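Subject: Handover of a structure and notes on it

Dear colleague,

Please find below the sequence and structure that I am handing over to you.

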Amino acid sequence: MIKIPTRVLLVDDEKDFVEMLSLRLKEMGEKVTLAYNGQECLEILEKENIDVVILDIKMPGMDGIETLTEIKKRFPIVEVIMLTGHGTTETAVEGMKLGAFDYLMKPADFDDLTVKMEGARKRKDEQEERIRKAEATFLLRKSGNI
Amino acid sequence: MEGIRLLLVDDEEEFRRTIAKRMTLRGISPEQAGTGEECLSVLEKKPVDVVVLDVKMPGMSGIEALYHIKEKYPKTEVILLTGHAATQDGVEGIKAGAFDYLSKPIELDHLLGKIKQAYDKIRREEEKLREAEFREKMEQQMIATERLASLGTLAAGVAHEINNPLAIIKESAGWMKLILNKEEFAEIPRKQDFDMALDKIEKGVERAKRITLKLLGFARKGDSVLAEVDLKELAGEAIQLVGREAANREIEIVRKMDVPENTIWSDPYQLRQVLLNLITNAIHATESGGEITIKLEVTGENVALIVQDTGQGIPKENLEKIFEPFFSTKSPGEGTGLGLFVTRGIVEKLGGTIEVESQLGNGTSFCIKLPKYLEVKEDLEGNHHADLLDKIVKMG
């Protein structure tokens, strides 16, 4: 079975963490892009096609929640998994209300991460499929063939 | 007069009996003793509030007995009966700690009056002692709560900082493991040693993670006790504790708490801390002659506790900072800058919110909204179970 790589964007100000996690994800066959702050994350989303963003909540400058809000506003179809270093579930709940797919507590279990990533990827695929179908219906209707 | 435990000491049996009999008619039944020695042995057997003690007795004199009584039972009050024109004895007795003296022949009403005064004094002393103990206990509790809160903040900070490097170690070890398990690495020498060491790293990380999660849990939870809390009573207690300070500054504290329901289900100790902090702040902010109002309002599933003062108010630029830790406008050493920080922490932990409104020169009003019924939030352990359940469901 050929694995279709998930296009992951890792956002965290902890460079070492981002690097190691990306190596691991790449080794698993995913396509990984790195960003070290919220601004960078948004710039990359502007240029590249990303399926899932793994987003640290606590970052200097634009924090995770702000970044999440901005992502959901500008790229609503992109799925976001939050990493909370706090151990407080409150922020995670806030994030989910803002449209995040799920959250993980740092240090996260890799298996948990992959399971949640797959779930996020699946939701995005399905959503895209629905959009395609809706567009097709719309086009057909417009050309008067229905 | 009832309930006073009295001991009558006189060597003249006839006199003693008559007095005792007449006192019994007035509702006091005194114990009796004929000598100083007998008096002390009665006291040893049962506690007495007031001793009426004849000074002139064979054997141990009244004054001598008085010294013994005051040494052994300092709370017991003594009224001396002196012979006519023997004021010297009376004065000496008062110096030795007697409540007062009466010269014989005595008038019963006079004696009863004195006994009552002595008894009142005992009760006042007891009340003072109780109050002092209560205050001391409260103060200790306050210090402990504040200390816990700052410790909690520190612990949470440390835990968070450690979680990041832990995540790095974990990812690195995980990655190495991933590589080692690839086919091309199947035959490398001493592969088992690597596997073992990586396992140990992962186990170590797990262990450290459990510790940091516990620290974070501690910072959030604390030991709360949930019970039915009568807010009116609670406010009364808080006012009692700070009442003297308010009275010293001529500040009046008014309660407007007459609502049909004034009980909620919450943590009484923490709530009292909150009220104390707010009232103390209000007192410090209010000029003499000012007024502090504590209001209670009920709306739907919530109650609102409002502490309002007529003080100097908080400047706009400070309004956002007052809940931050270590922010204080008092001089260093006077304020910890933790009061409102702790207060907000507690209120939020109790499922409530705190809001402030202030106008320079017109005073400040803090409004706490609390749920009538506080439900225990799921803690970290609970979350863990939820995660597990989630996994099991997904696997199934």
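Helix α7 (residues 231-248) of chain B packs against helix α8 (residues 268-285) of chain B at an angle of about 35 degrees, and their axes are 9 Å apart. Axes here are lines fitted to C-alpha atoms, for helices over the stretch in contact, and angles run from 0 to 180 degrees between N-to-C directions. Helices (H or I, at least four residues) and strands (E, at least two) are DSSP runs, numbered from the N terminus. The crossing of α7(B) and α8(B) is right-handed; a crossing is given that name if the near helix is turned clockwise from the far one by less than a right angle, and it is left-handed if anticlockwise. Among the residues that make the contact are Leu234(B), Ala238(B) and Leu241(B) of α7(B), together with Leu271(B), Leu275(B) and Ile279(B) of α8(B). Two residues are in contact if their C-beta atoms, placed from the backbone, lie within 7 Å.

The model is predicted; local features need pLDDT of at least 70, side-chain atom pairs count only at pLDDT 80 or more, and totals for chains, interfaces and linings use all residues. Residues are numbered from 1 along each chain as its sequence is written, while chains are lettered from A and ligands numbered from 1 in the order in which they are written.

How far does the predictor trust its result? The complex receives an ipTM of 0.71 and a pTM of 0.46. Chain B has a mean pLDDT (the predictor's confidence in each residue, from 0 to 100) of 83, and 87% of its residues reach 70 or more. Over residues 378-396 of chain B, pLDDT stays under 50, and the model has eight contacts beyond four places in sequence for them.

Chain B contains eleven helices and twelve strands. Of its 396 residues, 29% count as buried. A residue is buried if 20 or more other C-beta atoms lie within 10 Å of its own, exposed if 12 or fewer, and partly exposed in between, with C-beta atoms placed from the backbone.

One sheet of chain B is open and has five strands in the order β2-β1-β3-β4-β5, with parallel pairing. Two strands pair if DSSP finds at least two bridges between them. Strands β2 (31-33) and β5 (100-103) of chain B are at the edges with a single partner strand each, so one side of each has no neighbour in the sheet. From one strand to the next, the twist averages 20 degrees. Within this sheet, β1 (residues 6-9) and β3 (residues 50-54) of chain B pair in the parallel sense over four bridges, and Leu6(B) stands opposite Val50(B) in β3(B). Helix α2 (residues 36-45) of chain B lies across β1, β2 and β3 of chain B and runs at about 145 degrees to β2(B). Helix α3 (residues 62-72) of chain B also packs on the sheet, where it touches β3 and β4 (77-82) of chain B.

Further along chain B, five bridges join strand β7 (residues 252-256) to strand β9 (residues 291-299), and the two run parallel. Arg255(B) has Ile294(B) in β9(B) as its bridge partner. Strand β9(B) is also joined to strand β10 (residues 302-309) of chain B, by eight bridges in the antiparallel sense. In the hairpin of β9(B) and β10(B), two residues lie between the strands, and Gly300(B) takes a positive phi near 55 degrees.

Which residues have the most contacts inside the largest nonpolar core? They are Leu9(A), Val53(A), Ile54(A), Val80(A), Ile81(A) and Met82(A), in a core of 39 residues. Such a core is a set of buried Ala, Val, Leu, Ile, Met, Phe, Trp, Tyr and Cys residues joined through C-beta atoms within 7 Å. Helix α1 (residues 15-27) of chain A gives the most to this core, with five residues. A second, separate core has 35 residues, including Leu271(B) and Val347(B).

Finally, nine of the eleven residues of α10(B) are buried, so this helix is largely enclosed by the rest of the structure. Phe341(B) lies in helix α10 (residues 339-349) of chain B and counts as buried because it has 22 C-beta neighbours inside 10 Å.

Yours sincerely
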